Amino acid sequence: MSMLPKYAEMREYLLDEIRSGRYRIGDQLPTLDALNIKFDAVGPATGARAYSELVKLGMVEHRYGVGHFFLSAKPLEIELERHRIPALVRLDSIEAALRSAFTETQSLREDTRPATYVVEFQDKRTGERFGESLHPSRVAAERFAVEILTRLGEDASAATGLASAAGSTICDGDLYGVQISGRTPTGANIDIRHGHREDRSND
């Protein structure tokens, strides 16, 4: 199971299809409706975002009212150089970080510590939540949130502020939001921003 946002899953799928040699230059790529069906998504925004990144890379052409067409299997070098993290590598590195946190999550589920800290992200454009993971301390949770938010494109100082302010509700940045909530083995939630513990185990 992928831990990436759905638009990123679509983008990687399209890249794999292009690299496989299935399409020739000028061929029409899957429609937004076809992508929605394949990835169980709702509305055109998710697929459109996946395609927009490939259009910026010069790999796909968008013909308004017609669809998306294959241009090149090689991204424009000038576009890659605009990003500190190469566009085709960035999502892989993000998923690796999320998978590492997921592995740690499995062991923490059986931990007897008084509380763990749950980090979850939200794509503001689609409303999709992703990347839920558990951490042994508030500091570890904030550090992880900052790392992922900056890799996703949030400004580093803004990401630090978001992680620090994040609580049991989503704290929104320019592109993504983050939630950091405390949880005890008995199901009690902790308001970690104010040190207040609220038992919601019977909700």
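Visitor: Why is Phe 144 called buried?

Guide: Buried means under 20% relative accessible area, exposed over 50%, and partly exposed in between, with a 1.4 Å probe and protein chains only. Phe 144 has a relative accessible area of 8%, so Phe 144 is buried. This is a predicted model, in which local features need pLDDT of at least 70, side-chain atom pairs count only at pLDDT 80 or more, and totals for chains, interfaces and linings use all residues. Residues are numbered from 1 along each chain as its sequence is written, and side-chain values use heavy atoms, with hydrogens and water left out.

Visitor: Where does Phe 144 lie?

Guide: Phe 144 is in helix H6. Helices (H or I, at least four residues) and strands (E, at least two) are DSSP runs, numbered from the N terminus. Among the other buried residues of H6 are Ala 140, Ala 141 and Ile 148.

Visitor: What makes E3 and E6 paired strands?

Guide: Two strands pair if DSSP finds at least two bridges between them. Eight bridges join E3 (residues 116-123) to E6, so the two strands pair. They run antiparallel, and Gln 122 has Gly 177 in E6 as its bridge partner.

Visitor: What makes strand E6 mostly covered?

Guide: In E6 (residues 176-183), seven of the eight residues are buried.
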